[in-house]
Amino acid sequence: MLFRRIRVATEPRVLRITLARPQAGNAFDEIMTSELIAALEPAVAGRVDVLVIDADGPDFCIGSEDQLQLSFHGHPAKQIARVPGLVIVAVAGRCSGLGLELAVAADLRLGDETAHFFTDQLHGRNIPSGVLMWRLPRIVGQARAIQWILTGEKVGARAAIEAGLLADVVPAGELVALRERYVETLLKLAPLALRYAKESIIGGSQMSLERALDFEANLNFLLQSTDDREEGLRAARERRSPRFKGQ
Amino acid sequence: MSGSTSIDIARSGAVLQVRLNRPEKRNAISLEMRDTLLDALELLALDETLGAMVLYGAGAGFCAGADLSEFTSHPIISRTKESRRLRDLFGAMASSSAILVAVMHGFAIGSGLELALLCDLRFATAATRVGLPELTLGMMPPAGGTATLPRVAGLGTAVWLTGVARPVDVQDVQVRRLVNGMVDDVGSAVEAWTAILNRHPAAMLRQLKRSVRLHELSA
(Lines give C-alpha, C1' and ligand atoms only; values in the text may rest on other atoms or scores of the structure.)
Protein backbone atom coordinates (compact mmCIF):
# COMPACT_ATOMS: atom_id res chain seq x y z
CA MET A 1 0.00 0.00 0.00
CA LEU A 2 1.29 3.42 -0.93
CA PHE A 3 0.99 6.07 1.76
CA ARG A 4 1.24 9.84 1.31
CA ARG A 5 1.43 11.10 4.90
CA ILE A 6 3.34 8.27 6.61
CA ARG A 7 6.08 5.75 5.83
CA VAL A 8 5.92 2.12 6.88
CA ALA A 9 8.67 -0.48 7.19
CA THR A 10 7.99 -4.07 8.14
CA GLU A 11 10.51 -6.51 9.59
CA PRO A 12 9.69 -10.01 10.84
CA ARG A 13 9.01 -8.93 14.44
CA VAL A 14 8.97 -5.13 14.17
CA LEU A 15 6.62 -2.67 12.49
CA ARG A 16 7.95 0.86 12.02
CA ILE A 17 5.72 3.80 11.19
CA THR A 18 7.04 7.29 10.55
CA LEU A 19 4.78 10.33 10.50
CA ALA A 20 5.91 12.05 7.31
CA ARG A 21 4.20 15.38 7.06
CA PRO A 22 6.91 17.56 8.59
CA GLN A 23 5.94 20.73 6.70
CA ALA A 24 2.71 20.72 8.76
CA GLY A 25 4.30 19.68 12.06
CA ASN A 26 2.92 16.18 11.36
CA ALA A 27 -0.57 17.44 12.17
CA PHE A 28 -3.25 14.91 11.35
CA ASP A 29 -5.67 15.47 8.49
CA GLU A 30 -8.17 12.92 7.22
CA ILE A 31 -5.69 11.22 4.90
CA MET A 32 -3.03 10.82 7.57
CA THR A 33 -5.58 9.51 10.06
CA SER A 34 -6.92 6.81 7.76
CA GLU A 35 -3.41 5.90 6.59
CA LEU A 36 -2.15 5.47 10.16
CA ILE A 37 -5.14 3.36 11.15
CA ALA A 38 -4.59 1.11 8.11
CA ALA A 39 -0.86 0.83 8.77
CA LEU A 40 -1.41 -0.13 12.42
CA GLU A 41 -3.45 -3.19 11.50
CA PRO A 42 -0.64 -5.81 11.70
CA ALA A 43 0.35 -4.50 15.14
CA VAL A 44 -3.25 -4.42 16.41
CA ALA A 45 -3.63 -8.00 15.16
CA GLY A 46 -0.58 -9.01 17.22
CA ARG A 47 1.61 -10.00 14.26
CA VAL A 48 4.67 -8.09 15.54
CA ASP A 49 6.35 -7.96 18.94
CA VAL A 50 7.39 -4.32 18.73
CA LEU A 51 5.77 -1.29 17.09
CA VAL A 52 7.89 1.83 16.66
CA ILE A 53 6.39 5.22 15.83
CA ASP A 54 8.58 8.20 15.06
CA ALA A 55 8.33 11.29 12.89
CA ASP A 56 10.14 13.29 10.22
CA GLY A 57 11.19 16.84 10.94
CA PRO A 58 11.74 18.80 14.14
CA ASP A 59 8.33 18.02 15.71
CA PHE A 60 6.79 14.66 16.56
CA CYS A 61 3.21 15.85 16.07
CA ILE A 62 1.53 19.15 16.88
CA GLY A 63 -2.01 17.76 16.83
CA SER A 64 -4.67 17.75 14.17
CA GLU A 65 -6.25 20.11 11.69
CA ASP A 66 -9.30 21.95 12.97
CA GLN A 67 -11.76 20.32 10.65
CA LEU A 68 -10.65 16.74 11.43
CA GLN A 69 -13.57 14.67 12.68
CA LEU A 70 -12.04 11.61 14.31
CA SER A 71 -15.32 9.84 14.82
CA PHE A 72 -15.57 9.29 11.06
CA HIS A 73 -12.25 7.53 10.81
CA GLY A 74 -11.77 5.78 14.11
CA HIS A 75 -9.19 7.07 16.56
CA PRO A 76 -5.51 6.23 15.95
CA ALA A 77 -4.65 6.54 19.66
CA LYS A 78 -7.36 4.04 20.52
CA GLN A 79 -5.94 1.63 17.93
CA ILE A 80 -2.45 2.01 19.41
CA ALA A 81 -3.85 1.29 22.87
CA ARG A 82 -5.16 -2.05 21.53
CA VAL A 83 -1.75 -3.31 20.35
CA PRO A 84 -0.68 -6.40 22.36
CA GLY A 85 3.04 -5.97 21.56
CA LEU A 86 5.27 -3.26 22.99
CA VAL A 87 4.78 0.19 21.48
CA ILE A 88 7.69 2.66 21.39
CA VAL A 89 7.32 6.29 20.37
CA ALA A 90 10.40 8.41 19.69
CA VAL A 91 9.64 12.06 20.36
CA ALA A 92 11.58 15.14 19.30
CA GLY A 93 10.21 18.67 19.46
CA ARG A 94 6.53 19.32 19.99
CA CYS A 95 4.17 16.55 21.03
CA SER A 96 0.71 17.95 21.62
CA GLY A 97 -2.97 17.35 21.03
CA LEU A 98 -3.48 14.17 19.05
CA GLY A 99 0.31 13.70 19.10
CA LEU A 100 0.24 13.54 22.89
CA GLU A 101 -2.64 11.09 22.73
CA LEU A 102 -0.60 8.78 20.45
CA ALA A 103 2.33 9.08 22.86
CA VAL A 104 0.38 8.17 26.00
CA ALA A 105 -1.29 5.27 24.19
CA ALA A 106 2.21 3.83 23.65
CA ASP A 107 4.19 1.94 26.30
CA LEU A 108 7.65 3.48 26.13
CA ARG A 109 8.13 7.13 25.31
CA LEU A 110 11.71 7.95 24.32
CA GLY A 111 12.79 11.51 23.72
CA ASP A 112 15.65 13.80 22.92
CA GLU A 113 16.19 16.96 24.90
CA THR A 114 14.09 19.03 22.45
CA ALA A 115 10.98 16.97 23.27
CA HIS A 116 8.15 18.79 24.98
CA PHE A 117 4.58 17.88 25.67
CA PHE A 118 1.41 19.90 26.09
CA THR A 119 -2.27 19.78 25.42
CA ASP A 120 -4.15 22.95 24.66
CA GLN A 121 -7.31 21.24 23.52
CA LEU A 122 -9.31 22.59 26.42
CA HIS A 123 -8.84 26.02 24.89
CA GLY A 124 -10.01 24.85 21.50
CA ARG A 125 -12.90 22.86 20.22
CA ASN A 126 -12.31 19.37 21.58
CA ILE A 127 -11.90 17.93 25.03
CA PRO A 128 -9.05 15.40 24.92
CA SER A 129 -10.24 11.87 24.20
CA GLY A 130 -10.59 9.09 26.73
CA VAL A 131 -7.14 7.79 25.86
CA LEU A 132 -5.47 10.88 27.32
CA MET A 133 -7.88 11.18 30.22
CA TRP A 134 -7.45 7.54 31.20
CA ARG A 135 -3.74 7.11 30.56
CA LEU A 136 -2.09 10.37 31.55
CA PRO A 137 -3.07 10.22 35.26
CA ARG A 138 -1.91 6.61 35.38
CA ILE A 139 1.44 7.55 33.84
CA VAL A 140 2.29 10.76 35.72
CA GLY A 141 -0.18 10.75 38.63
CA GLN A 142 -3.50 12.49 39.06
CA ALA A 143 -2.25 15.86 40.29
CA ARG A 144 0.20 16.42 37.43
CA ALA A 145 -2.26 15.19 34.82
CA ILE A 146 -4.99 17.56 35.95
CA GLN A 147 -2.55 20.46 36.12
CA TRP A 148 -1.09 19.79 32.67
CA ILE A 149 -4.48 19.38 31.02
CA LEU A 150 -6.01 22.45 32.66
CA THR A 151 -3.07 24.80 32.08
CA GLY A 152 -1.73 23.49 28.78
CA GLU A 153 1.75 24.20 30.15
CA LYS A 154 4.73 22.99 28.15
CA VAL A 155 6.42 20.04 29.83
CA GLY A 156 10.05 19.75 28.80
CA ALA A 157 12.09 16.57 28.48
CA ARG A 158 13.62 16.84 31.97
CA ALA A 159 10.26 17.33 33.69
CA ALA A 160 8.77 14.58 31.54
CA ILE A 161 11.29 11.95 32.61
CA GLU A 162 11.00 13.00 36.26
CA ALA A 163 7.24 12.54 36.03
CA GLY A 164 7.52 9.15 34.30
CA LEU A 165 6.11 10.36 30.96
CA LEU A 166 9.42 9.82 29.16
CA ALA A 167 11.25 6.57 29.82
CA ASP A 168 14.59 7.82 28.56
CA VAL A 169 16.13 11.04 27.22
CA VAL A 170 19.25 11.64 25.10
CA PRO A 171 20.90 14.72 23.58
CA ALA A 172 19.52 15.90 20.23
CA GLY A 173 20.80 13.74 17.38
CA GLU A 174 20.98 10.54 19.43
CA LEU A 175 17.31 9.60 19.40
CA VAL A 176 17.60 7.07 16.56
CA ALA A 177 20.41 5.22 18.34
CA LEU A 178 18.45 5.23 21.61
CA ARG A 179 15.34 3.90 19.88
CA GLU A 180 17.30 1.09 18.24
CA ARG A 181 18.88 0.10 21.57
CA TYR A 182 15.39 -0.32 23.03
CA VAL A 183 14.16 -2.33 20.03
CA GLU A 184 17.17 -4.62 20.40
CA THR A 185 16.62 -5.04 24.16
CA LEU A 186 12.94 -5.86 23.73
CA LEU A 187 13.55 -8.37 20.93
CA LYS A 188 15.83 -10.37 23.25
CA LEU A 189 13.03 -10.95 25.76
CA ALA A 190 10.60 -13.85 25.72
CA PRO A 191 7.86 -12.50 23.39
CA LEU A 192 4.87 -14.05 25.16
CA ALA A 193 6.18 -13.02 28.57
CA LEU A 194 6.56 -9.45 27.28
CA ARG A 195 2.97 -9.40 26.02
CA TYR A 196 1.56 -10.89 29.18
CA ALA A 197 3.55 -8.51 31.37
CA LYS A 198 2.15 -5.58 29.39
CA GLU A 199 -1.36 -7.03 29.57
CA SER A 200 -0.98 -7.39 33.33
CA ILE A 201 0.40 -3.87 33.84
CA ILE A 202 -2.19 -2.11 31.66
CA GLY A 203 -5.14 -4.41 32.30
CA GLY A 204 -4.39 -4.77 36.00
CA SER A 205 -4.42 -1.01 36.49
CA GLN A 206 -8.16 -1.03 35.71
CA MET A 207 -8.81 -3.49 38.54
CA SER A 208 -8.72 -3.46 42.30
CA LEU A 209 -5.27 -4.40 43.60
CA GLU A 210 -6.68 -7.70 44.82
CA ARG A 211 -7.99 -8.61 41.35
CA ALA A 212 -4.83 -7.32 39.66
CA LEU A 213 -2.68 -9.65 41.79
CA ASP A 214 -4.85 -12.60 40.76
CA PHE A 215 -4.75 -11.49 37.12
CA GLU A 216 -0.94 -11.40 37.20
CA ALA A 217 -0.79 -14.81 38.88
CA ASN A 218 -3.08 -16.35 36.25
CA LEU A 219 -1.01 -14.94 33.37
CA ASN A 220 2.06 -16.38 35.10
CA PHE A 221 0.45 -19.80 35.29
CA LEU A 222 -0.26 -19.61 31.54
CA LEU A 223 3.40 -18.78 30.88
CA GLN A 224 4.47 -21.84 32.85
CA SER A 225 3.19 -23.97 29.98
CA THR A 226 5.53 -22.31 27.46
CA ASP A 227 8.76 -23.69 26.03
CA ASP A 228 10.33 -20.27 26.52
CA ARG A 229 10.00 -20.44 30.29
CA GLU A 230 11.79 -23.77 30.34
CA GLU A 231 14.47 -22.40 28.01
CA GLY A 232 14.85 -19.30 30.19
CA LEU A 233 15.40 -21.29 33.36
CA ARG A 234 17.72 -23.74 31.62
CA ALA A 235 19.79 -20.91 30.14
CA ALA A 236 20.06 -19.27 33.57
CA ARG A 237 21.32 -22.51 35.13
CA GLU A 238 23.79 -23.01 32.28
CA ARG A 239 24.83 -19.33 32.46
CA ARG A 240 24.21 -18.64 28.79
CA SER A 241 21.84 -16.41 26.79
CA PRO A 242 18.40 -17.91 26.21
CA ARG A 243 17.05 -18.64 22.72
CA PHE A 244 13.36 -17.77 22.84
CA LYS A 245 10.93 -18.97 20.19
CA GLY A 246 7.77 -17.17 21.21
CA GLN A 247 5.89 -20.32 22.19
CA MET B 1 7.96 -17.81 66.12
CA SER B 2 8.33 -21.10 64.39
CA GLY B 3 10.15 -21.92 61.35
CA SER B 4 12.97 -20.63 59.38
CA THR B 5 16.54 -20.00 60.36
CA SER B 6 16.67 -17.83 57.25
CA ILE B 7 14.31 -15.21 58.64
CA ASP B 8 14.76 -13.48 62.00
CA ILE B 9 11.70 -12.01 63.63
CA ALA B 10 11.91 -9.66 66.59
CA ARG B 11 9.20 -7.72 68.32
CA SER B 12 9.58 -4.15 69.50
CA GLY B 13 6.39 -2.71 70.94
CA ALA B 14 3.75 -2.68 68.21
CA VAL B 15 6.32 -3.34 65.47
CA LEU B 16 7.45 -6.66 64.05
CA GLN B 17 11.02 -6.43 62.72
CA VAL B 18 11.52 -9.05 60.04
CA ARG B 19 15.01 -9.68 58.70
CA LEU B 20 15.72 -11.83 55.65
CA ASN B 21 18.82 -13.70 56.80
CA ARG B 22 20.20 -16.02 54.17
CA PRO B 23 23.16 -13.93 53.06
CA GLU B 24 25.02 -16.84 51.47
CA LYS B 25 22.14 -16.99 48.91
CA ARG B 26 21.78 -13.20 48.70
CA ASN B 27 18.57 -13.62 50.74
CA ALA B 28 16.86 -15.40 47.83
CA ILE B 29 13.36 -16.39 48.95
CA SER B 30 12.97 -20.14 49.39
CA LEU B 31 9.57 -21.79 49.83
CA GLU B 32 10.38 -22.16 53.51
CA MET B 33 11.11 -18.43 53.79
CA ARG B 34 7.89 -17.59 51.94
CA ASP B 35 5.95 -19.67 54.45
CA THR B 36 7.72 -18.01 57.40
CA LEU B 37 6.91 -14.57 55.97
CA LEU B 38 3.31 -15.66 55.58
CA ASP B 39 3.31 -16.75 59.24
CA ALA B 40 4.54 -13.26 60.16
CA LEU B 41 1.71 -11.69 58.14
CA GLU B 42 -0.78 -13.97 59.86
CA LEU B 43 0.60 -12.96 63.25
CA LEU B 44 0.18 -9.29 62.26
CA ALA B 45 -3.41 -10.02 61.26
CA LEU B 46 -4.28 -11.89 64.45
CA ASP B 47 -2.40 -9.99 67.17
CA GLU B 48 -4.13 -6.68 67.65
CA THR B 49 -1.30 -5.34 69.79
CA LEU B 50 0.83 -5.31 66.63
CA GLY B 51 0.37 -2.52 64.07
CA ALA B 52 3.36 -2.54 61.73
CA MET B 53 6.18 -4.53 60.18
CA VAL B 54 9.64 -3.37 59.12
CA LEU B 55 11.20 -5.68 56.52
CA TYR B 56 14.94 -5.65 55.76
CA GLY B 57 17.82 -7.91 54.81
CA ALA B 58 21.08 -9.16 56.33
CA GLY B 59 24.37 -9.22 54.45
CA ALA B 60 25.21 -7.55 51.17
CA GLY B 61 21.70 -6.69 50.06
CA PHE B 62 17.96 -6.78 50.65
CA CYS B 63 16.93 -9.71 48.48
CA ALA B 64 18.01 -11.20 45.15
CA GLY B 65 14.57 -12.62 44.35
CA ALA B 66 13.06 -16.06 44.31
CA ASP B 67 15.29 -19.10 44.70
CA LEU B 68 15.41 -20.36 41.09
CA SER B 69 16.84 -23.70 42.19
CA GLU B 70 13.38 -24.55 43.55
CA PHE B 71 11.65 -23.79 40.22
CA THR B 72 10.45 -26.82 38.33
CA SER B 73 9.88 -27.29 34.62
CA HIS B 74 6.58 -28.50 33.23
CA PRO B 75 4.67 -28.13 36.49
CA ILE B 76 1.06 -29.19 36.72
CA ILE B 77 -0.40 -25.76 36.41
CA SER B 78 -3.69 -26.31 38.18
CA ARG B 79 -1.73 -27.63 41.18
CA THR B 80 0.61 -24.62 41.10
CA LYS B 81 -2.39 -22.32 41.11
CA GLU B 82 -3.92 -24.13 44.06
CA SER B 83 -0.71 -24.04 46.09
CA ARG B 84 -0.37 -20.31 45.39
CA ARG B 85 -3.94 -19.79 46.58
CA LEU B 86 -3.29 -21.69 49.80
CA ARG B 87 -0.01 -19.91 50.60
CA ASP B 88 -0.71 -16.47 49.17
CA LEU B 89 2.01 -14.31 50.73
CA PHE B 90 1.56 -11.51 48.20
CA GLY B 91 -2.19 -11.30 48.70
CA ALA B 92 -1.62 -11.32 52.47
CA MET B 93 0.78 -8.39 52.19
CA ALA B 94 -1.56 -6.46 49.90
CA SER B 95 -4.48 -6.93 52.26
CA SER B 96 -2.59 -6.53 55.54
CA SER B 97 -4.16 -4.15 58.01
CA ALA B 98 -0.70 -3.38 59.41
CA ILE B 99 1.64 -0.71 58.05
CA LEU B 100 4.43 -2.41 56.10
CA VAL B 101 7.80 -0.71 55.68
CA ALA B 102 10.73 -2.01 53.59
CA VAL B 103 14.31 -0.83 54.06
CA MET B 104 16.41 -1.89 51.08
CA HIS B 105 20.16 -1.91 50.62
CA GLY B 106 22.57 -3.34 48.07
CA PHE B 107 20.11 -5.05 45.77
CA ALA B 108 16.37 -5.67 45.52
CA ILE B 109 15.86 -7.85 42.49
CA GLY B 110 12.83 -9.70 41.09
CA SER B 111 10.58 -10.95 43.87
CA GLY B 112 12.81 -9.07 46.31
CA LEU B 113 11.81 -5.75 44.79
CA GLU B 114 8.23 -6.99 44.52
CA LEU B 115 8.13 -7.69 48.28
CA ALA B 116 9.18 -4.08 48.86
CA LEU B 117 6.56 -2.84 46.37
CA LEU B 118 3.87 -4.64 48.37
CA CYS B 119 4.83 -2.52 51.38
CA ASP B 120 3.34 0.89 52.14
CA LEU B 121 6.67 2.69 52.47
CA ARG B 122 10.03 1.97 50.90
CA PHE B 123 13.45 3.32 51.82
CA ALA B 124 16.83 2.54 50.33
CA THR B 125 20.49 3.21 50.97
CA ALA B 126 22.56 4.93 48.28
CA ALA B 127 23.62 2.70 45.37
CA THR B 128 20.89 0.15 45.96
CA ARG B 129 20.12 -1.56 42.67
CA VAL B 130 16.58 -2.54 41.78
CA GLY B 131 15.35 -4.61 38.86
CA LEU B 132 12.86 -7.06 37.42
CA PRO B 133 14.84 -9.54 35.29
CA GLU B 134 11.97 -12.00 34.81
CA LEU B 135 11.39 -11.34 31.08
CA THR B 136 14.94 -12.51 30.37
CA LEU B 137 14.01 -15.82 32.00
CA GLY B 138 10.90 -16.49 29.91
CA MET B 139 8.71 -15.46 32.85
CA MET B 140 6.99 -12.32 34.03
CA PRO B 141 7.14 -10.78 37.50
CA PRO B 142 5.31 -13.29 39.72
CA ALA B 143 5.05 -11.53 43.07
CA GLY B 144 2.64 -8.73 42.27
CA GLY B 145 5.14 -6.43 40.54
CA THR B 146 3.00 -5.76 37.48
CA ALA B 147 0.13 -4.78 39.80
CA THR B 148 2.06 -2.77 42.39
CA LEU B 149 4.65 -1.02 40.22
CA PRO B 150 2.18 0.97 38.08
CA ARG B 151 0.39 2.05 41.26
CA VAL B 152 3.63 3.19 42.89
CA ALA B 153 5.45 4.70 39.90
CA GLY B 154 3.02 4.95 36.97
CA LEU B 155 2.36 2.87 33.85
CA GLY B 156 5.36 4.17 31.88
CA THR B 157 7.90 3.40 34.58
CA ALA B 158 6.29 0.00 35.16
CA VAL B 159 6.66 -1.00 31.51
CA TRP B 160 10.16 0.49 31.36
CA LEU B 161 11.59 -1.34 34.39
CA THR B 162 9.94 -4.63 33.37
CA GLY B 163 11.10 -4.21 29.75
CA VAL B 164 14.73 -3.26 30.34
CA ALA B 165 14.85 -6.29 32.66
CA ARG B 166 18.15 -5.33 34.29
CA PRO B 167 19.16 -3.82 37.64
CA VAL B 168 19.28 -0.03 37.79
CA ASP B 169 20.42 2.36 40.51
CA VAL B 170 17.47 3.35 42.67
CA GLN B 171 18.58 6.98 42.39
CA ASP B 172 18.27 6.93 38.57
CA VAL B 173 15.66 9.43 37.42
CA GLN B 174 13.35 6.69 36.08
CA VAL B 175 13.00 4.83 39.36
CA ARG B 176 13.66 7.24 42.20
CA ARG B 177 9.88 7.55 42.59
CA LEU B 178 9.89 3.91 43.80
CA VAL B 179 11.22 4.97 47.20
CA ASN B 180 9.88 7.40 49.77
CA GLY B 181 13.36 8.41 50.83
CA MET B 182 17.03 7.55 50.96
CA VAL B 183 18.66 6.39 54.22
CA ASP B 184 22.27 6.20 55.39
CA ASP B 185 22.27 2.66 56.66
CA VAL B 186 19.85 -0.17 57.20
CA GLY B 187 20.24 -0.75 60.93
CA SER B 188 19.62 2.83 61.97
CA ALA B 189 16.76 3.23 59.47
CA VAL B 190 15.06 0.12 60.87
CA GLU B 191 15.40 1.44 64.42
CA ALA B 192 14.30 4.95 63.43
CA TRP B 193 11.15 3.67 61.71
CA THR B 194 10.43 1.28 64.57
CA ALA B 195 10.57 4.26 66.93
CA ILE B 196 8.37 6.43 64.68
CA LEU B 197 5.75 3.69 64.39
CA ASN B 198 5.87 3.01 68.14
CA ARG B 199 4.86 6.59 68.91
CA HIS B 200 1.34 5.50 68.04
CA PRO B 201 -0.83 2.76 69.52
CA ALA B 202 -1.25 -0.33 67.34
CA ALA B 203 -4.95 0.41 66.86
CA MET B 204 -4.10 3.86 65.47
CA LEU B 205 -1.57 2.39 63.02
CA ARG B 206 -4.19 -0.04 61.76
CA GLN B 207 -6.80 2.69 61.49
CA LEU B 208 -4.40 4.84 59.49
CA LYS B 209 -3.64 1.95 57.14
CA ARG B 210 -7.30 1.16 56.63
CA SER B 211 -8.16 4.77 55.92
CA VAL B 212 -5.51 5.45 53.32
CA ARG B 213 -4.79 2.13 51.66
CA LEU B 214 -7.42 -0.55 51.93
CA HIS B 215 -9.90 1.18 49.62
CA GLU B 216 -7.46 0.32 46.80
CA LEU B 217 -7.73 -3.35 47.49
CA SER B 218 -11.29 -4.05 46.51
CA ALA B 219 -12.36 -0.67 45.13
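Guide: What follows is a set of questions and answers on this structure.

Guide: This is a predicted model, where local features need pLDDT of at least 70, side-chain atom pairs count only at pLDDT 80 or more, and totals for chains, interfaces and linings use all residues. Residues are numbered from 1 along each chain as its sequence is written, chains are lettered from A and ligands numbered from 1 in the order in which they are written, and side-chain values use heavy atoms, with hydrogens and water left out.

Visitor: What is Q79(A) in contact with, leaving aside neighbours within four places in sequence?

Guide: I37(A), L40(A) and V44(A). Contact means heavy atoms within 4.5 Å.

Visitor: What makes helix α4 of chain A mostly covered?

Guide: Eight of its eight residues, 98-105, are buried. Among them are L98(A), E101(A) and A105(A).

Visitor: What makes β5 and β8 of chain A edge strands?

Guide: The open sheet has the order β5-β7-β8 in chain A, with mixed pairing. β5 (94-96) and β8 (155-156) each pair on one side only. Strands pair if DSSP finds at least two bridges between them. Two bridges join β7 (residues 116-118) of chain A to β8(A), and these strands run antiparallel. F117(A) has V155(A) as its bridge partner in β8(A). α4(A) packs on the sheet, touching β5 and β7 of chain A, and its direction makes about 85° with that of β5(A).

Visitor: Why are α10(A) and α5(B) called oblique?

Guide: Axes are lines fitted to C-alpha atoms, for helices over the stretch in contact, and angles run from 0 to 180 degrees between N-to-C directions. The axes of α10 (residues 209-223) of chain A and α5 (residues 145-153) of chain B come within 8 Å and cross at roughly 135°. Under 35 degrees counts as roughly parallel, over 145 as roughly antiparallel, 65 to 115 as roughly perpendicular, the rest as oblique. The two helices are therefore oblique to each other.

Visitor: Which residues make that contact?

Guide: They include L209(A) and E216(A) of α10(A), and T148(B) and R151(B) of α5(B).

Methods: Helix = DSSP H or I, 4+ residues; strand = E, 2+ residues; numbered from the N terminus. Buried < 20%, exposed > 50% of the residue type's maximum accessible area, 1.4 Å probe, protein only.
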